[in-house]
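Q: Could you take me through the reading of a core and of a helix that packs against its surroundings?

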Amino acid sequence: MRYRPFGKTGLEVSEIGFGAWGIGGSMWGKTVDDASSVNALHRALDLRINFFDTALAYGMGHSEQLIGQVLKERAEDVFIATKVPPKNWKWPASHAVPVKEVFPENWIVECAEKSLRNLGVERLDLLQFHVWSDTWMDQDGWWDAVDKLKKDGKVRLWGVSINNHEPDSALRLAGSGKADSVQVIYNIFDPSPAEALFPLCREKGVAVIVRVPFDEGGLTGAFTRETKFEEGDFRRDYFSGRLADVVERVEKLKPLLLKEAGSLPEAALKFCLSHPAVSTVIPGMRKAEHVEANVRASDGKTLSCETLDRLKEHAWPRDFYRSR
Ligand SMILES: NC(=O)c1ccc[n+]([C@@H]2O[C@H](COP(=O)([O-])OP(=O)(O)OC[C@H]3O[C@@H](n4cnc5c(N)ncnc54)[C@H](OP(=O)(O)O)[C@@H]3O)[C@@H](O)[C@H]2O)c1
């Protein structure tokens, strides 16, 4: 495993982090199996993953509790990032709704306290707002709560998770010096953060956490036109009416990607790691064999400039969450 600086914090995080939404259980169908999730977390620690991304909303604390349980057994020095859910439970954030309805001060503190208990730690390494709008930069309250949690020693670093496919909706924050990190969707289909967000983060020393590197599994090549998602799995909606399109696009990517990596998942992760602004990429993992496969992408070899250039033709702008 290779490590990268986490912005200007002086910390180093594993290039491959552990995305822990799926292990929370909610929204990923009924087959989520805690024993398999715990096994995956152990394998991640064995393979020197030191960055774990979770959220209070993932299974209403279940993802945090599983991580807490494994850390109690292993006592490893790792970096846990969690998130405060929006009080109105609305994803993505609406830019018209004031921050006091989404992140009022007492809500931020109450949620942070719950996450501390779920994880069984004294201090959260990184607390992220689970949605963000730059319109909140001019509104009061939220920063006082974050600042107090930091001063009280309950939170070490603070950042935000940016709305899906809206990387520019956090440019003011990224330029402000307030955020230690931003979390954003960046993958072969959506390379848009490389336009303005990534250069700004590099300039300001803001850490970048890349989420959804596989476009929710599409870019792993694991799906066929016949793939069915079980009841309760959000991907039933996410891929509804366009699975054939995903499969066709991935077929076209194969000759280009398999020249430079042993598998599609490895190539998809290497795409993300090829950008120097990126601190860590957090594929969603529920199985030890996926952990093993994904860690292989961290071998120091990024994609060639020629391939990166040709991948630009494969960008596929769309926003499932706004178009529902
Ligand atoms: N708003 C937010 O803040 C937000 C939103 C989304 C995600 N996230 C964070 O980002 C993380 C990653 O996003 P994600 O999990 O939604 O999407 P993702 O990483 O793009 O895709 C996850 C999917 O990829 C599959 N997978 C993982 N490794 C694989 C491999 N080596 N080979 C084949 N398939 C593989 C998983 O399989 P299985 O189904 O078999 O497990 C899962 O279906 C989340 O876990 C969460 O921590 C944050």
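Predicted model: local features only at pLDDT ≥ 70, side-chain atom pairs only at ≥ 80, totals over all residues.

Q: Which residues have the most contacts inside the largest nonpolar core?
A: In soluble globular proteins, nonpolar side chains tend to be buried together. A nonpolar core is a set of buried Ala, Val, Leu, Ile, Met, Phe, Trp, Tyr and Cys residues joined through C-beta atoms within 7 Å, and a residue is buried if 20 or more other C-beta atoms lie within 10 Å of its own, exposed if 12 or fewer, and partly exposed in between, with C-beta atoms placed from the backbone. Here the largest such core has 96 residues, and A112, V182, V208 and V210 have the most contacts inside it.

Q: Which residues of helix α7 are buried, and where do they lie around the axis?
A: An α-helix has 3.6 residues a turn, so residues three or four places apart point the same way. Helices (H or I, at least four residues) and strands (E, at least two) are DSSP runs, numbered from the N terminus. In α7 (residues 197–204), L197, F198 and C201 are buried; they cover an arc of only 95° (taken from the directions from the helix axis to the C-beta atoms), which puts them on the same side of α7. On the other side, P199 and E203 are exposed.

Note on methods:
Residues numbered from 1 in each chain as written.
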